[in-house]
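Dear colleague,

I am handing over the structure we spoke about, and my notes on it follow below.

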Amino acid sequence: MFDHILSILIFFPALAGLFGFVIQKDSVRAYGVAVAAIEFALSLWLWYAFDANVSGMQFMEFLPLVPAFGINYILGVDGVSLFIIILASFFTMIGIASLSDTKNEKNMIITLLFLQMTMVGVFAALDAIVFYIFWELSLVPMLYIIGAWGGPLRIYASVKFFLYTFAGSLVMLVGMLFMAYYFYQATGTWSFAILDWYRLILPETFQLWLFVAFFIGFAIKVPMFPFHTWLPYAHGQAPTIGSVILAAILLKMGTYAFIRFSLPMFPDASVFFMFPIAVIAIIMIIYTAMVAYAQEDIKQVVAYSSISHMGVIILGTFALNVEGITGSVFLMIAHGVVSGALFLLVGVIYDRRHTKMMSEFGGLAQVMPRYATVFGLMLMASVGLPLTINFVGEFLSLLGFYKQSHILTLLAGVAIIVGAIYMLAAYKRMFFGNVTNEKNKNLPDVNTREWLALIPLAIITVWLGVYPKPVLEPINNSVESIVQLMHEKSITAEAKERIPNLIKDAEAATSAQEAH
Amino acid sequence: MLIPIIGALLIITIDIIKGGLHKTLYVGLSLLFLLMDFGALLDASGVFAQNGTVMGVFDVMMIDGLAILSQFIIVGASMLFIPLALTHKRFHEFSYPEFFALFLFMIAGFQFMVATDNLILVFVGLETSSLALYTLIAMHNRDKSFEAAVKYFTMGALAAGFYSFGAMIFYALTGSVEINQIASVLTANKFEDMGFVLVAVVFMLASFGFKLSLVPFHTWAPDVYEGASAAMAGFMSIVPKIAAFIVVMRLFEFLVNSGVVWLEIVIYAFVVVTMTAANIWALIQTDVKRMLAYSSVSHAGFVMAAVLIGTTQANSALFLYWALFTFTNLGSFSMLWISRQKHLPAYQSSDHSYDKFAGMIQTAPMAAVIMAVFMLSLAGIPPFALFWGKVYMISSAVNADYKVLALIMALNSAIAGYYYLKLIVYMFMREPIVGSNGHVYVANATLSLKTIIGFAAIGTIFALIAVNPLLEFITSFVHASGF
């Protein structure tokens, strides 16, 4: 069973989704929760069976698809992808469980199950074309979720989301085809397997072009400044569940792909573009934080703060050392938990008042104390309070980049303070003071269904903030092997210097110990 | 290749002996003869795989890999097309047995056109099929159909004229009408009469530009597609074009690769302009059928890139693309066909306006999902059929070092995404128009139509499994015939 657990993880929700068509309308939610819970249990089992000491790929599967053209169905997980897969199944589960009453509930749940297939597929794929298939396929359910259940501008938002990402990923596809062609020239066989591509050492000029091609695809997905304009629309119009999945999982595809593709395949280009990208990331952090401060709509505040934190993830990734990358992977999970939870919380208040304008609220802490507590906790986590999950990731990311550049890291650190300002200001406007609006006087507090979703998130936020080791260690092991690979593959002197050589460092450390 | 002709004659004979028989008989007969034709093709492909290219009938006919592959597509698409005549509503054209006789003649014409190296036989095949096709369009018996038929006829006549002029100049230059002879003579004298070659090439380009609806010779396409019945339009977007592509491949690839720089640039421009301009026109259409017409023009431009690139991989990509395109495009046109109305309700400006499909997911969910799959496939979303064609085609451009072309092809797919998405948006995200019920989308459906759509949908969704065997088969055939 372990041999095919990844395939089961990918296709079980889709198969269940197909069966979902025959389920009676009113019972479909229970069915959806059951399927998602089984999926989550399977993903936990994956974690249990995962050997944290192995840095390479585990649970590999191989099936030829188009061998004439080197396309194979290859799956595998390492520490980097493992936790994002668990996160994806977790969020689908609590997303379905906490789904507020929607029209066409059955269509929504089936769509979510299909979306889950594509999400797990992206993170488990080790063949570029299979990766691309799931990557593109994930657009379709999301398009439907935003377009069919969204706000007044939903069609514009969903089409913008689709076209933006689609255009970017087609450029990436051309990049993939070039990469396969270079591989063919070098070895004489066609292959789209990522692990094969890792072994290919490309001249720096090729690396630069290919890096740009892949970068366009990934940067739109993340979304990096200046490609971020689709995201506020998508978040603004999407239903709660759409925003939650989008922020928690779909955006991570971009940052994950940087670590899976760009860094190990093009180490020299990564070093070459390190500072430009870091500058973009810092612009992204500061600029979107300022935009968030100016928002009237609480969901937009959360959306922009989510973009802002994605900037920190990018910064950590392009620190190109173990601390930075480990931190960014951890922050991906943290950001998933926290921003997912914040969107859920916004959904809670939206269900009650059908407005997201902060000016409509005020003094909610008196009416809804429990809600205010959870919101406060998540908000503190979002601004990176120590002992919460975000702090670990942000700290490691910034620590990693501090080794590359002090000034830029300082700027990014300042930006995080700005983040604290707008978040606290938003919190103050919504929760403190007197209840000014009559409509808010009798709002019911968080109900059982919402508790069901929020409590696990709150527990994770604190637990991984206090004791991140069980997650951090497997990530660290895998990242070390990636960084070592990058160091060995790089050809320019600058890249050799920027990307640390772990083996040599380790040897130096042991020899230093022996000398004592 | 004679099998469809015999079939056509048989149908006419039956009609003479006893008229007024039901269309199901003729559909059945046509299908039988096409099946036999397909069997004969399988046989021929077995012979080809063993002995290589076969020449016959005074060396006029030539059965090589290209001929066999394209005939597979021609006959296969025809077999998918002919059951579409069994509609729920009665349509004028299918009550005539001549329709089916003409149809079989047309298939024979296309088969002759692809299975020869001889410019004269190409011409004979081209004209046989085109004349039959004009009549078939006109038989739909609507005002717009007559307009379409006349328009197509006029353009086709012009193209035929251009073609004969071009062929004449080639003959004058080289003393032969065999394409390989022309090629060897021209190469032997190192293209010394460059001026005349260019004139001939210009004529040929114009002629096939019309047939393949390359911009700027495409103007007939949307009108003719709109006028013809949806099923016929789907057929026209596939079969005549693959036949023309084969001739273009035979004729132009040696010219492109022989260092005629001018020609390479011109075809490059054709490819880029056809893809891009047709995509942009498709964006602003309000009728789904016209949108699909422009999209077919754009796809033709995309595939024309294979002729420009000219490697074995590119030529294989052409066949792969077209085989997968057959399923998807015929499927989507059939979906329009089953929703054909005889009378338009007030809110509809044309037969297949976008409004008609608004909220289809609520009234006819299954049909909406199938239509959406076809649209996603046309847009090139994996893992549906056309994605594989696109990947292989773009990859062939990459491998032949056409970097910019590859990027243009990719970006065009992104532009095209918008108008396919528009239909999906209408179907899934808009509210249905008051007073419409789901019946309108399947008003014309019968079991046989549904079967065809089922075939097309299965071919589109599960293309993934078929790609590898298809690719190996195509590549071996294309390679063996030296392209």
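Among contacts in chain B between residues at least 6 apart in sequence, what percentage join residues at least 24 apart? The figure is 80%, where two residues are in contact if their C-beta atoms, placed from the backbone, lie within 7 Å.

Please bear in mind that this is a predicted model, in which local features need pLDDT of at least 70 and side-chain atom pairs count only at pLDDT 80 or more, while totals for chains, interfaces and linings use all residues. Residues are numbered from 1 along each chain as its sequence is written, and chains are lettered from A and ligands numbered from 1 in the order in which they are written.

Along its principal axes, the C-alpha trace of chain B spans about 70 × 60 × 40 Å. Of its 483 residues, 59% count as buried (20 or more other C-beta atoms within 10 Å of the residue's own, C-beta atoms being placed from the backbone).

The contact between the chains takes 27 residues from chain A and 27 residues from chain B. On the side of chain A that touches chain B, the elements giving two or more residues are strand S1 (58–66), helix H5 (128–137), helix H6 (139–149) and helix H7 (154–187) of chain A, helices being DSSP runs of H or I with at least four residues and strands runs of E with at least two, numbered from the N terminus. H7(A) gives the most to that side, with 14 residues.

H7(A) also meets helix H9 (residues 204–221) of chain A, and the residues in this meeting include Tyr164(A) in H7(A) and Phe206(A) in H9(A).

With kind regards

Conventions
Buried ≥ 20, exposed ≤ 12 C-beta atoms within 10 Å, placed from the backbone. Axes fitted to C-alpha atoms, helices over the stretch in contact; angles between N-to-C directions.
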